[in-house]
Amino acid sequence: MKRIFLFLTAALLVASTAFAGKTYVVSVTQIVEHPALDAMRNGVADRLKEKGIDFTYNVHIAQGNMATNTQIVSQIMGEQPDLVLAIATPGAQACAQKIKETPIVFTGVTDPVSAGLVKDIQNSGGTNITGMSDFSPMDKHVALIREIVPAAKTIGIIYNSGEPNSVPNLKALKDEAAKVGMSVEEATIANSSGVYQAAKSLVGRCDVVYIGTDNTVVSAIESAVKVCTDNKLPLVVGDVDSVARGAIAAVAVDYYKMGLQTGDMVARILQGANPGSMPVEFLNDLNLHVNLKAAQAMGVTLPESLVARATKVIE
Amino acid sequence: MTLYAFFGALEQGFAYGLMVIGVYLTFRVLDFPDLTVDGSLPLGAAVSAVAITAGYSPLVAVFMACGAGFAAGMVTGILNTKFKILHLLASILTMIALYSINLRIMGRPNMALLGQETVVDWFTRFSGLLPQHASPVLFAIICFLAVGVLIWFLHTELGLAFLATGDNMQMITSQGVNTDSVIIFGVGLSNALVATSGALVAQNQGAADVNMGVGTIIAGLASVIIGETVFGDKTIGRALIAALLGSVLYRIAIALALGLKLGSFAITPSDLNLITAILVVFALVMPKMKRKFLAGRSK
C-alpha cells in the first residue's frame, strides 16, 4: 500500500513538471547578507520571473566565514543545479576552483581578472564562467567631485587595505585624479571603528573626501559625515545608499539593476548560451543621488544642472 | 545531506585538522589560550600563495608556510615568556600584527590561485580519484601522518617536558627544565601546524584571503571540545585523534545545518552562528550531564 502511494506521488510529480515545462535549479552562494548583495540576488530572481522562466533558488550564505564559503561549494555540487549564481568575489573563487562543468555566473565582483575568474574581460577563456563586474566608473566619480568642488586640488580617501575591491578602486582613483591634475591623500583603516580617526587625519590634508565602495568604511560612514560636517569638508561617495546617510552625492551602480542585467545573462545561459563565449558585462545605467542638506552642512552649493540631473534628491 | 556535501564536510574537517591539533596543543596541553591562530592561518595561506605564484612547487610552498607559522608562534611565546606579557594579550598582539604582515606579503588582500598547480591537483592525478574524493583523502593522510609524528614526539624527553609544562609548571621548573623555551617552542609548533593548514586550505579553495582567519579560534575550540566529548581524551594519542575527528564532526554539523529544512521551518543561513554556539555549549555541558546522570543512577 505504501509503495503504491509512493509510486502515485512520484508519478504525479513527474506529470506536473512535464506539464509545467522544465524547472531549472539555480544555486546561489553569497559571502554575507548585505543590502547591496541581497538586491543583486533579488534582481536576478525578478528578471527570471519576468521572462517566465520556472526555477527554484537554493540560497547559501557563508556569514562571512571563508571555511563555510568553501563548504557551500560541496552543498551546491550535491544539489546538481543547472546554474550557479555566485555573488561577490569569495564565493565565485571557491566555485571556480571546484565546479568545472556547471555554468557559473558571478555578479558584484569588482575585479574578475585579478580574482582569477576570467582570463580577460572580453573573453572569459572558454571556461564555464562569466558574469558582471561592479567596478566603480572612477572617471565619473572624479568628474562628480570636480563638479561639486571645482577648486579642489587634493582628494582624501578612506579605505580598508584589507578589502579586495578597495585596492583596485584606489589605483583607479589615483589614475583618474592624475589625468585632471589632482592628487590623492590616503587614510587606511583595518576595521570600522577606525573611520572617525581616519577622517580626522584627513582634515587639513585635502579639499574633498571621497569614500568608495568599501564595505568596512561604508558600514561606519556616519563618523566620516560628522567629521566632514564639523570641518566643512565636502564628502562624496561611491554608493547611493550613503547619500541618504549624510554624504553629498554619488553617481553609482544600482545593485538591483545590476541583478536584473545579471538575470539576463543567467536566462541566456539557461536557454543554451555558452558562458565561455560571453564577455564580462558592466552596468552602464548609473544613478545620481544628491543630498542638499548635507551639501549645505559641508559648505558647498550644488550646481543647479547637477540637481536637475539627479535621479533622487534628498532635501 | 547529499554525498557531495558529506565529502565536502570531510574535506573541510581534515583541511582544518592540523589547525585543530595546533589549537589542542596550546589550549589543552600548554594551557595557553592562543589567538595567534586567527593570524597564522592566513599567514600560511599568504606565504604559500606568494611562493606558488613565484614559481615554487606547491609542496615547497607548504613547507615555507609551516616555517612562517613557527616563527609567528615563537613571537607570541617570546612576548609572553621574555617580556612577561599575559598570554592572551601576547597572542592578540601577534594576531593584529600579522594582519598587516599578511597584506605586505601578498601585496593585496586577495591572491588568486585559480589555474595554478596545487598539491590537490598533484594528488588527484597521482591517485586517479575523483576531485571531490581526492582532497579529503589527501588531507586525511596528511593529518594522520602529523598525528603519528606528534605522538612519537610527545614521548621523547622534550615532548614529556612539553606535556608537563602545561600540567604543573612549578614542578617541571624544579626538575631543571627551562619552561620558557618549552613554551616558545610549543606555541611555535602549534602555529606551524595552523599555518600548514592555512596553506592547504588556500590551495584547496583557489585563493588566499587576508580575512580568511576570522573565527579560526572559535572553529578550533569548538572542534577540540566536540572531539573530547565524543571520543574522550584518556591518553595523549587518543586526545589528538579525538581533536582531529572533532574537526570533522564540527564540519559535518555545519553541513547539516546548511541543508536543514523541517517542513515550512527552514534554518536560514543567518542562524549559522547561533547553531555553532549551541553546538559548543552542548558539547561543553554534555559530559557534566552524563556524570550527573550516572551518579544519580548509582544511588
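Predicted model: local features only at pLDDT ≥ 70, side-chain atom pairs only at ≥ 80, totals over all residues.
1. Residues are numbered from 1 along each chain as its sequence is written, chains are lettered from A in the order in which they are written, and side-chain values use heavy atoms, with hydrogens and water left out.

2. Let's start with R41(A), which sits in helix α2, residues 35-50 of chain A; helices here are DSSP runs of H or I with at least four residues, numbered from the N terminus. R41(A) counts as buried because its relative accessibility is 14%, and buried means under 20% relative accessible area (1.4 Å probe, protein chains only).

3. Who touches R41(A)? Beyond neighbours within four places in sequence, its contacts include V28(A), Y57(A) and I87(A), where contact means heavy atoms within 4.5 Å. Y256(A) is 215 residues away along the chain, yet its C-alpha atom is 8.0 Å from that of R41(A).

4. Now for the interface: 31 residues of chain A meet 34 residues of chain B. Together the two chains bury about 2,900 Å², with 55% of it on carbon and sulfur atoms; this buried area is the accessible area (1.4 Å probe) lost on being put together, summed over both parts.

5. Look also for the one salt bridge that the rule finds across this interface. K98(A) pairs with E11(B), and their closest N and O atoms are 3.3 Å apart; a salt bridge needs a side-chain nitrogen of Lys or Arg within 4 Å of a carboxyl oxygen of Asp or Glu.

Technical notes. Helix = DSSP H or I, 4+ residues; strand = E, 2+ residues; numbered from the N terminus. Buried < 20%, exposed > 50% of the residue type's maximum accessible area, 1.4 Å probe, protein only.
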